[in-house]
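This note is written for a colleague meeting the structure for the first time. Please read the points below with the sequence and the model at hand.

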Amino acid sequence: MGLLSGRKTVYVDSDVLVIGGGMAGCGATYEARYWGRDLNIVCVEKANIERSGAVAQGLYAINCYMGMQWDENQPEDHVRYARNDLMGLVREDLGYDIARHVDSSVHKFEEWGLPIMKDPETGQYMREGKWQIMIHGESYKPIVAEAARKAASKVYNRIMVTHLLMDKTKANRVAGAVGFNVRTGDFYVFRAPAVIVAAGGASHIYKPRSVGEGMGRTWYAPWSSASAYALPILVGAKMTQMENRIVLTRFKDGYGPVGAYFLHLKTYTENAYGDEYESNWYENTKELVGDYIDRQPVPTCLRNHAILEEIKAGRGPIRMVTKEAFQDPHKETIGWENFLGMTIGQAVVWASQNIDPKHTNPELTTSEPYVMGSHATCSGAWASGPEDYAPSEYQWGYNRMMTVDGLFGAGDTIGGTAHKFSSGSFAEGRIAAKAAVKYVKDLGKERPQVNEAEYENLKKVVFQPMENYEVGRNEIVAGTVSPSYLLPLHGLQRLEKIMDEYVGGISSHYTTNEPLLTRGLELLGMLKEDLDHLGAEDLHQLQRAWELQHRVLASESVTHHTMFRKETRWPGYYYRGDHMKLDDKDWHCFTLSQYDRESGEWAMEKAPVYHIVD
Ligand SMILES: Cc1cc2nc3c(=O)[nH]c(=O)nc-3n(C[C@H](O)[C@H](O)[C@H](O)COP(=O)(O)OP(=O)(O)OC[C@H]3O[C@@H](n4cnc5c(N)ncnc54)[C@H](O)[C@@H]3O)c2cc1C
């Protein structure tokens with residue numbers, strides 16, 4: 001008798017299904033209720049929305065705020081900024097759409113109780129930098145989650161969504177999703193005409209700098225497991241800019257953020273010998289990327305590039321000069337508070353390593369790469385743009401709808417729109433939900449039909465790793481080594497090694513080339529074959545198994561995109577050793593991919609970049 005015999009299936013019907021209750025998911029749930037007063041709005045979250053997602057631990061700054069009420073910045077300014085930082089390639093229509101709406105979302109946060117620091121003289125929000133405002137944000141996520149909880153018909157916590165369901169009456173139309181409760185093991189079938197994927201970014205697809213007992217410590221949240229990409233990829237949604245993985249310069253070992261240090265405390269960096277080094281690499285960088293090095297502010301990837309080159313030249317480590325700023329008691333307080341409100345681990349690391357930044361300049365390092373759509377990077381799904389602003393080629397349906405009917409996205413899920421951060425992700429969730437409600441209303445009484453055979457089959461597939469373990473566990477040869485199954489952790493380590501060594505991770509100084517990528521794809525293919533033999537001893541491990549499945553698919557997408565773009569557009573994020581220069585003639589474009597589930601093939605194409613803002 002198999003494991004499925006006694007397993008309960010729970011059916012949930014809704015009009016709008018939001019997958020992931022992080023910043024974008026909470027924004028989507030809140031806004032869906034505003035436009036769809038009488039609709040059934042369901043949010044499903046694999047953790048608990050109270051403290052889930054990348055903002056779980058809190059933040060010290062909201063990084064995307066225009067300040068239009070005080071005439072600080074206009075949306076066009078933000079488009080120029082993001083375009084510059086991403087070396088020319090952003091979806092300006094989507095970025096503009098977020099920028100024009102983001103301030104009102106921040107005002108909502110304040111109304112709901114988020115303490116935003118104010119300038120005592122002007123009463124305006126205290127700026128950390130041109131786009132950032134400072135908050136006491138330890139409770140940022142619970143505050144935002146409360147609004148979503150009150151708006152939702154129901155929030156389903158502790159359910160990991162594994163697959164989307166497609167309509168059996170109309171091709172290329174979504175009909176819902178399936179998943180399992182990570183506590184009870186119940187199988188869930190969610191039926192919905194409109195689905196908004198807001199499942200965050202991807203950590204742990206590359207080998208992290210912290211391994212062994214420290215592997216839970218990554219910069220991006222360790223539970224960001226690429227579902228945002230795998231779910232749409234599997235049903236054939238087009239993805240864009242998946243090669244644009246991000247590498248962060250952060251404090252060593254704790255991945256503590258540096259923004260407040262640079263912007264507010266006015267600290268700066270130096271090499272091991274106390275020398276300024278960035279200017280040494282000006283000519284070298286100009287040779288690679290031309291005039292992009294002269295843009296202000298200097299694009300994030302190029303600042304990484306100078307650090308990497310300086311270290312390769314043997315003059316590392318790079319240090320942040322904190323000793324001067326920390327003599328000022330106000331700045332010292334800000335420096336520590338910055339970590340306590342957002343990355344407590346960094347303060348603990350410094351304490352454990354006898355680093356008091358008042359007396360010791362702490363080391364910086366570059367992180368392993370992450371895949372996400374909301375930071376200084378823009379990987380994600382290819383989405384339709386706003387009706388009043390997007391060029392016709394970027395408009396095939398409703399705002400933020402992917403290339404699959406009824407399937408929407410926001411936050412890290414949507415590609416081409418860098419620098420949205422927490423507030424912009426929330427705002428984008430609101431934008432997507434407004435469009436999704438319109439989509440549902442336009443459908444009238446018509447509803448997509450889920451295919452019973454499809455979800456019954458998925459039920460078997462989803463729990464198969466437990467079945468594999470149940471059957472194979474008696475064959476264990478030593479410890480956790482089994483000839484008949486692969487544990488999720490072992491699969492994860494294998495994935496991270498492939499991505500690290502072949503697709504430009506830390507051990508190769510982020511450098512790859514066509515032969516390496518070709519071999520990487522072969523090895524990923526072999527790993528995929530073995531994933532049928534994943535073994536999960538309990539529900540927790542079953543979640544790990546599905547997180548791994550999602551990470552592997554996203555990694556495959558990253559690898560295909562990296563292979564397709566034959567240039568080095570973002571030195572400091574990654575290098576194509578066989579195409580070391582930026583090539584605006586052939587590659588001033590977006591890369592798009594589409595996965596065919598039946599054949600396992602990926603189709604790649606280019607899409608034009610339209611510069612709408614001058
Ligand atoms: C270390 C760090 C520092 C940051 N600093 C700042 C900052 O200072 N200021 C700022 O404004 N922004 C900052 N950000 C960025 C900000 O956190 C993100 O832009 C934002 O959280 C992205 O929103 P999202 O909804 O796309 O993803 P998330 O907020 O991560 O939400 C994704 C949600 O989906 C859920 N989920 C994932 N997979 C599934 C699944 N299969 N089924 C069901 N649920 C699922 C997750 O549990 C999670 O709740 C920072 C992020 C990090 C990690």
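The points that follow concern a predicted model and take up the ligand and then the cysteines.

1. The surroundings of the ligand. The ligand is surrounded by 32 residues, and the closest are Ala-24, Glu-45, Ala-61, Ser-374 and Ser-422. By class, the residues of this shell divide into 17 nonpolar, 12 polar and 3 charged.

2. The elements that contribute. At least two residues of the shell around the ligand come from each of α1 (23–35), β4 (59–62), β7 (159–166) and α11 (421–443).

3. An oxygen atom of the ligand lies 2.8 Å from a backbone N or O atom of Ala-24. For Ala-54, a polar backbone atom is 2.9 Å from an oxygen atom of the ligand. At Ala-61, a backbone N or O atom is 2.7 Å from a nitrogen atom of the ligand.

4. Burial of the ligand. Taken alone, the ligand exposes 1,000 Å², and the protein buries 96% of that area.

5. The cysteines. With a disulfide taken as a pair of cysteine sulfur atoms within 2.5 Å, the count comes to 0 disulfides. Cys-64 is in no disulfide, and the nearest cysteine sulfur, that of Cys-378, is 14 Å away. Cys-64 counts as buried, at 0% relative accessibility. Cys-301 is likewise in no disulfide; here the nearest cysteine sulfur, again that of Cys-378, is 11 Å away. The relative accessible area of Cys-301 is 0%, so this residue is buried.

Methods. Residues are numbered from 1 along each chain as its sequence is written. This is a predicted model: local features need pLDDT of at least 70, side-chain atom pairs count only at pLDDT 80 or more; totals for chains, interfaces and linings use all residues. Side-chain values use heavy atoms; hydrogens and water are left out. A residue is near a molecule or strand if one of its heavy atoms lies within 4 Å of it. A polar contact is a pair of N or O atoms within 3.5 Å; within protein, one must be able to donate a hydrogen and the other to accept it, and residues adjacent in sequence count only if both atoms are side-chain atoms. Accessible areas come from the Shrake-Rupley method with a 1.4 Å probe; for residues, only the protein chains shown count as cover. Helices (H or I, at least four residues) and strands (E, at least two) are DSSP runs, numbered from the N terminus. Ala, Val, Leu, Ile, Met, Phe, Trp, Tyr, Cys and Pro count as nonpolar, Asp, Glu, Lys and Arg as charged, and the others, Gly among them, as polar. Buried means under 20% relative accessible area, exposed over 50%, partly exposed in between (1.4 Å probe, protein chains only).
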